[in-house]
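I opened this notebook to record what I looked up, element by element. The sequence and structure are placed below for reference.

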Amino acid sequence: MFFIGIGGIGMSAIARYFASVGKNVAGYDKTPSQVTNDLQDLGVEIHFEDALKNIPISFLNKDTTLVVYTPAVPKNHIEFNYFVDNNFTVLKRAAVLGKITESTFCLAVAGTHGKTTTSSILGHIMAAVNATSFLGGIAENYNSNLILGEDKISVVEADEFDRSFLQLSPNIACITSMDADHLDIYGAAEALNESFFDFSQRVSDTLIVAKGLPLKGLTYAVNEEADYKAFNLKIESGKYIFDVQTPSEIIKNIEFHLPGNHNVMNALAALAMADVYGVFLEDIKQRLSTFKGVKRRFSYKIKTDNLVLIDDYAHHPTEINAVENSIREMYPDEKVLVVFQPHLFSRTRDFIDDFASALSKFDEVLLLDIYPAREEPIANVNSEWLLSKINLKQKKLVQKHTILKDIKKSSAKVVAMLGAGDIGVLINEVTNQLVKPQENEG
């Protein structure tokens, strides 16, 4: 199997799966990363220059090679066009994942927010019954986006981008949220909602939805009536303790270590799915207490008495609000600095006022240039425009090479670095530089 865009978080999980079950796997990606390094450690051959000479000879037989690609591959990609022009079997990542779900009992997690954390929690629970889970993030418990089990049960993150999730065949599914997003693909929020409805129609057994969504299914909610209700929430020693009412019983004193009310919702969704499948509630409770989180989802990079540095993938206003709420809950009396890298010109344009409102809730903002990802620039859509709408005195446009100096100038004890672009790499450099002086002081 040959993967074009093998370093993508969804692509690499599938590549890792097929390599783990003994298939011959190779691929291309634009840049090396920790993900590609980990795949290479498994014996996967990866190159980073788009040229036919780099494709291993054993993958040039169209009768024995399946080519898998990500929708982010540009139309002028040399290797991709070679495979298409020479009649290889070429499938999108979603189609390959779809075939896996057809042949397994599938639990799928969909939603514009929360699906990576929810599917990772669910994967951790379902590992107890040997499920194989394909995740959209690196689960801390496994340091992987693949939890390898048997081939009878699958847990998948159902991605609404490019309508990919309509190729899945879920038996049990959950929808966490349906906020407007990916309007560069869908055009309008109504079209996105329609795709979620279409996804719900693909569920063969049980659909579970966050209470308030316009879909029929079992509901879940925190502190309000629903089929699955979390209540009696307390924070003790930095962890949540809460009770859950299911359709048939109450389970008390569940411990969960991720901060934020939204993460209680994520845990509740995973509990509901596992309960519907038939995992014993006491076993679910035990697994929830040992879940460590997902990298780049409220990940602590530094946590000392003098400085807290938090890394999060948040790139939509709803996600930024969730991070801010969690920080205020954990550090109610501290000054908070946010470093934000907007992701996509179209998303910035479509939600400009919502971004400004969310960022204005922090005490201080450092704003990087927009990360373009797959897009060309859009006239007059830039970080200067967003900055002008943020209602704060302490706000500033910054460049990557000055970010460390700007953070050090701030008097904030809590720093959050947010975004889906290369800020995820930048934060590692910042962490290393901020840790050094503290080590010297120690």
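The entries that follow concern a pair of strands, the helix between them, and a pair of helices.

Entry 1, the model. I note at the outset that this is a predicted model.

Entry 2, the strand pair. I looked up how strand S4 (residues 66-69) is paired with strand S5 (residues 89-92), and found the parallel sense, over 4 bridges. Within this pairing I located Val68 opposite Leu91 of S5.

Which residues of H3 are buried? I recorded Glu79, Phe80 and Phe83. These three lie on the same side of H3, because they cover an arc of only 105° around the axis. I next asked which strands the buried residues of H3 pack against. The list comprises strand S1 (2-4), strand S2 (26-28), strand S3 (45-47), S4 and S5. After H3 I checked Asn87, which has a positive phi, near 60°.

I turned to helix H8 (residues 261-277) and helix H9 (residues 281-289), which pack at an angle of about 145°. Their axes are 10 Å apart. I noted the crossing of H8 and H9 as right-handed. Which residues make the contact? From H8 I listed Ala267, Leu271, Ala274 and Asp275. From H9 I listed Leu281, Ile284 and Leu288.

Notes. Residues are numbered from 1 along each chain as its sequence is written. This is a predicted model: local features need pLDDT of at least 70, side-chain atom pairs count only at pLDDT 80 or more; totals for chains, interfaces and linings use all residues. Side-chain values use heavy atoms; hydrogens and water are left out. Two strands pair if DSSP finds at least two bridges between them. Buried means under 20% relative accessible area, exposed over 50%, partly exposed in between (1.4 Å probe, protein chains only). The arc is that of the directions from the helix axis to the C-beta atoms. Contact means heavy atoms within 4.5 Å. Axes are lines fitted to C-alpha atoms, for helices over the stretch in contact, and angles run from 0 to 180 degrees between N-to-C directions. A crossing is left-handed if the near helix is turned anticlockwise from the far one by less than a right angle, and right-handed if clockwise.
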